[in-house]
Amino acid sequence: MSNNKIKLTNITKKFVTSEMETHALRGVDLEINEGDYVSISGPSGCGKSTLLSILGLLDTASDGEYMLAGHDVSNLSVNQRASMRNEHIGFVFQSFNLIDELSVFDNIALPLRYREKALSQEEVKQKVDACLAKVEMTHRAGHKPNQLSGGQQQRVAIARALVNDPAILLVDEPTGNLDSKNGDAVMMMLAELNRQGTTICMVTHDPRYADMAKRKLHLLDGVMADEFKMELAV
Ligand SMILES: Nc1ncnc2c1ncn2[C@@H]1O[C@H](COP(=O)(O)OP(=O)(O)OP(=O)(O)O)[C@@H](O)[C@H]1O
Ligand SMILES: [Mg+2]
């Protein structure tokens, strides 16, 4: 299995604090093939962001197995996870997470600085410029994030996620902070990236946008909805 297939088996996530335990994910099985476009919907608090963070190797599951591109990534060290993430995954956060002190150009260039093999200035510039063009933000390369509109910030966040040419793009509520015109533009961009071969897994509240995915999944209380129905029937 050398391609960028994702396979989760019986993934659970339990958050433990001194006062309580929260079971955010309760046995999720999920397969995402290369080139797929999956949407994940469900009520607030059902575990969507938790699932995406685990998929993006930003967090680890409490139990279960995660296979990514033929590797078991369930129990990697922090550094190994970062390196797998850098190689395979782009992540777009709901709240953009841009760094206000850096220009648009430097925000997009940031993931390139963490590559194992350093790139030359010229290579960095080429990659960043290509991503700026893709999201039509070339004219704002020198701006700071707080000098941009919400839609523009989201486009920069997408460019940053794309700069390492990830095979898999994980997107949390890409339109959550946008009006419908900017939201539609972001969705068109995602559809085009998928057409070009990028695997996409997107969390969204918006049924209209969920419909644009090839596969629509529903999470309910930490369980995939189909399995949830089966559980209730038992
Ligand atoms: N760090 C944490 N510590 C404790 N509980 C947490 C933590 N992160 C998430 N949770 C809990 O896990 C559950 C799932 O949270 P998650 O953020 O995945 O929901 P979500 O489906 O993304 O919701 P929303 O649509 O509101 O973004 C919630 O009940 C939340 O309170
Ligand atoms: Mg969330």
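**Exercise 1.** How do the residues of the shell around ligand 1 divide into nonpolar, polar and charged?

*Solution.* The model is predicted: local features need pLDDT of at least 70, side-chain atom pairs count only at pLDDT 80 or more, and totals for chains, interfaces and linings use all residues. Residues are numbered from 1 along each chain as its sequence is written, while chains are lettered from A and ligands numbered from 1 in the order in which they are written.

Step 1. List the shell, taking residues whose C-beta atom, placed from the backbone, lies within 6 Å of the ligand: F15, T22, A24, G42, S44, G45, C46, G47, K48, S49 and T50.

Step 2. Sort them, with Gly counted among the polar residues: 3 are nonpolar, 7 polar and 1 charged.

**Exercise 2.** State which element gives the most to the shell around ligand 1.

*Solution.* Helices (H or I, at least four residues) and strands (E, at least two) are DSSP runs, numbered from the N terminus. At least two shell residues each come from strand 2 (21-32) and helix 1 (48-55). Helix 1 gives the most, with 3 residues.
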